[in-house]
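User: I am new to this model. Please take me through it step by step.

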Amino acid sequence: MSPALIRFENVTKRFGTQVVLDGVTLEVMEGELLVVIGHSGSGKTTLLRCVNGLVLPEEGCVLVDGHAVAVGDLTALRRRVGYVIQAGGLFPHMTVEQNVAIVGRATGEDTARRSARAAEVLATVGLGDLGPRFPRELSGGQQHRVGIARALYADPAIMLLDEPFAAVDPLARMELQDEFVRLHRQLHKTMLFVTHDVDEALYLGDRVAVFERGRLLQVDTPRTLRQRPASEYIARFLRRRAAEGTT
Amino acid sequence: MRSTALVALAAMIAIWFLYGSPRAGAGRPEIVIASKQDTEGQILAEILAQLVEARTPYTVVRKTNFGGTLLVFEALRAGAVDAYPEYSGTIDAAILHEPYAFARIREAMRRRYDLFVSGELGFNNTYVLAMSAATAHTLRVAAISDLARHPELRWGVTPEFLRRSDGLPGLERAYGLGTVDAVDIEKSLAYQALARGTIQVTDAYSTDGELLRYRFVTLTDDRHFFPQYRALFLVRDAAMRAAPKVRGILAMLSGAIDGRTMTAMNARVDIDHVSPADVAAGFLMQHFGIRRAGGSESTTLRLLRALGRHIELTLVAVFFSVLIGLPLGILAMRRPRARQAIMKVVGTLQTIPSIALLALMIPLFGIGVLPALVALALYGLLPIVANTLAGLRQVSPELLDAAEGIGLSTRQILLWVQLPIALPFILAGVRTSAVIAVGTATIAALIGAGGLGDFILAGLTLNDPHMILLGAIPAALLAIAVDELVYRIELAVRR
Ligand SMILES: Nc1ncnc2c1ncn2[C@@H]1O[C@H](COP(=O)(O)OP(=O)(O)O)[C@@H](O)[C@H]1O
Ligand SMILES: [Mg+2]
């Protein structure tokens with residue numbers, strides 16, 4: 001197997017007295033798409049935010065490409081790690097191109113270079129000609145693709161995605177998921193993908209990590225999870241959510 | 001529509017540059033001649049100003065709307081004003097606290113304040129008692145002591161005169177009048193009542209132009225009870241050294257204006273609504289054969305200057321409000337603990353009445369444009385700080401999370417995300433602040449800052465609605481223009 005690009009070693013995070021991550025140990029392999037699933041409030045987002053240092057754990061440590069995530073140079077780390085959040089998090093006062101190229105602007109690239117690179121990543125997500133538009137002129141699905149394009153801009157080895165498709169209607173979501181699978185195959189990036197949608201998790205993930213109240217219950221391929229759930233709880237969780245379909 | 005806004009802005013800036021801050025003629029000494037807001041003071045200041053203009057090469061700057069003795073005296077001491085007309089009695093009572101003797105006043109003012117006291121101009125504007133000519137004639141009353149024979153007369157006096165020890169109570173004692181039959185009454189009403197015969201005696205100032213209108217007679221103060229309010233000019237010694245010809249000018253005026261002449265001039269302004277400048281010109285023509293120098297400004301030019309100064313005050317004040325308010329708003333957003341203190345301070349500033357805030361600036365910054373700018377800038381702070389804070393706080397947490405997660409520095413988040421999104425809010429604050437500044441700047445004339453307030457205040461003093469409107473209408477239009485201008489910028493930013 002290829003080496004781990006992200007490693008959580010016995011990570012514990014508390015907010016006040018509440019334990020949000022409870023001794024989590026987990027590895028994400030190079031080029032792997034690992035999906036994290038769990039109920040709302042189970043700590044998925046917090047886990048993700050440990051990777052780019054938006055959250056710093058009290059115990060244990062998080063290693064990205066062999067280096068511990070620490071208070072030091074988080075900005076540089078974040079520029080090397082793509083980050084996509086639920087609503088897309090697009091800046092409403094900037095054009096699509098400006099949104100996509102913002103990391104380039106932050107690192108001082110010249111405008112010609114930014115504009116060329118933005119066109120490139122926008123083409124990758126199938127939005128070649130939308131650069132001059134403003135986010136509010138785009139459909140929900142298009143906005144999500146812009147969010148992904150922005151994360152791809154600096155060609156990061158790692159991408160973090162926090163329920164990127166949660167707010168889209170089911171049809172558009174399926175389309176986005178298909179495209180995302182294609183994108184992952186094409187770019188072969190290491191991805192940590194958070195969702196609370198079981199179908200999405202089983203469909204997308206190379207492996208799926210199941211969380212409950214800050215604890216990692218099981219991490220396995222979708223097939224293994226279905227066939228050999230580690231507990232009755234997991235079996236029920238997968239069955240029920242899958243039966244309910246997307247919500 | 002955008003171009004209309006640009007034209008308005010260009011016009012404002014052009015007027016500011018052309019007329020805003022007067023720049024003194026190269027190397028020529030500049031004399032700042034001031035007065036309080038009263039008619040007589042303005043006429044006297046004009047006389048001096050025009051005489052200096054006619055007979056010396058100096059440039060004259062007029063500041064004739066000071067709110068009171070202490071304001072203009074402080075300005076004189078601070079060097080913001082070079083000369084203004086004053087009364088010996090006021091110098092005794094309000095400034096030196098010593099009894100009157102001309103030589104002593106002159107000596108004391110030089111020693112204590114480095115001020116030169118001009119020779120007396122020739123009239124005494126003190127309290128007098130006035131009666132209708134008919135009553136006085138019938139009762140054979142010519143002097144105050146004659147009133148002792150007529151306890152039946154009804155007196156109507158100003159509230160101030162009724163109570164002051166150098167008013168009625170002292171007078172009764174000095175002349176053995178007993179307790180006269182007196183009621184208190186507003187000055188303007190007193191004259192009407194006297195004319196109609198409802199009252200028979202009232203107090204007045206000896207050079208009040210209204211006395212001529214009603215043809216009242218004034219009674220001789222035969223026991224010299226009332227203090228002397230002899231008119232003269234106070235001049236800074238330093239100004240006299242820089243502009244030595246002023247000494248000769250003051251000598252020309254010494255003893256040149258008697259009580260009758262002054263009363264007539266006051267009447268021309270108060271009753272006939274002739275401008276103090278024209279009345280002064282008439283006096284100089286008659287007494288010295290001086291034709292008004294061509295340099296005397298037309299009303300249009302003066303109005304443009306006032307407008308220019310007003311725009312200058314407004315724009316510069318708003319600029320500083322933004323310069324201070326924006327960082328304060330940002331600080332308030334970032335530091336919840338500092339927030340309360342900041343909002344409290346800028347909120348309190350706004351609750352201070354503008355006239356009081358202006359007055360508070362005087363001990364710190366003196367008189368003129370600087371203290372006015374400081375007061376205006378402070379006064380305009382609240383809308384900018386509050387709107388900056390509100391604008392920054394309504395940036396959604398998701399956006400901030402995205403910005404941080406993408407790897408923007410705190411500074412970049414502020415400059416690229418928070419401020420641009422808050423910009424329409426901030427501009428709305430600037431708009432409010434600018435409109436406040438235009439309004440408050442009209443009051444700044446009280447501390448010698450100039451602007452359209454000069455016209456409004458002069459109009460109020462001279463009871464001249466035309467002049468009030470001459471200042472008020474451009475001020476209102478300016479407020480509307482500024483409001484519209486910033487609003488257009490706001491719209492352009494929102495798109
Ligand atoms: N900044 C924070 N301060 C306090 N509590 C937080 C914070 N972030 C998350 N939590 C709490 O931690 C728990 C896990 O949150 P989160 O990681 O967002 O879960 P999930 O993404 O799985 O829904 C929740 O109970 C949430 O209220
Ligand atoms: Mg979450």
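User: What is the mean pLDDT of chain B, and what share of its residues reach 70 or more?

Analyst: This is a predicted model, where local features need pLDDT of at least 70, side-chain atom pairs count only at pLDDT 80 or more, and totals for chains, interfaces and linings use all residues. Residues are numbered from 1 along each chain as written, chains are lettered from A and ligands numbered from 1 in the order written, and side-chain values use heavy atoms, without hydrogens and water. pLDDT is the predictor's confidence in each residue, from 0 to 100. For chain B the mean is 88, and the share at 70 or more is 95%.

User: Which element of chain B has the lowest mean pLDDT?

Analyst: Elements here are DSSP runs numbered from the N terminus: helices (H or I, at least four residues) and strands (E, at least two). Helix H19 (residues 381-393) of chain B has the highest mean, 95. The lowest, 72, belongs to helix H1 (residues 2-19) of chain B.

User: Which helix of chain B does H20(B) pack against through its buried residues?

Analyst: Buried means under 20% relative accessible area, exposed over 50%, partly exposed in between (1.4 Å probe, protein chains only). The buried residues of helix H20 (residues 397-406) of chain B include Leu399(B), Asp401(B) and Ile406(B). Their partners in chain A include helix H1 (44-51) and helix H6 (140-152). In chain B, the partner is helix H21 (410-441).

User: Is His188(A) buried or exposed?

Analyst: His188(A) sits in the loop between helix H7 (170-187) and strand S8 (190-195) of chain A. Its phi is positive, about 55°, although His188(A) is not a glycine. Because its relative accessibility is 56%, His188(A) counts as exposed.

User: Where is Arg213(A), and how does its accessibility class it: buried or exposed?

Analyst: Arg213(A) lies in the loop between strand S9 (207-212) and strand S10 (215-220) of chain A. Its phi is also positive, near 45°, in a residue other than glycine. At 68% relative accessibility, Arg213(A) is therefore classed as exposed.

User: How far apart are the C-alpha centres of domain 1 and domain 2 of chain A?

Analyst: Domain bounds come from an automatic or database domain assignment. That assignment gives domain 1 (1-76 + 159-168 + 179-247) and domain 2 (81-155) in chain A. Contact (heavy atoms within 4.5 Å) takes 20 residues from domain 1 of chain A and 15 residues from domain 2 of chain A. The C-alpha centres are apart by 25 Å.
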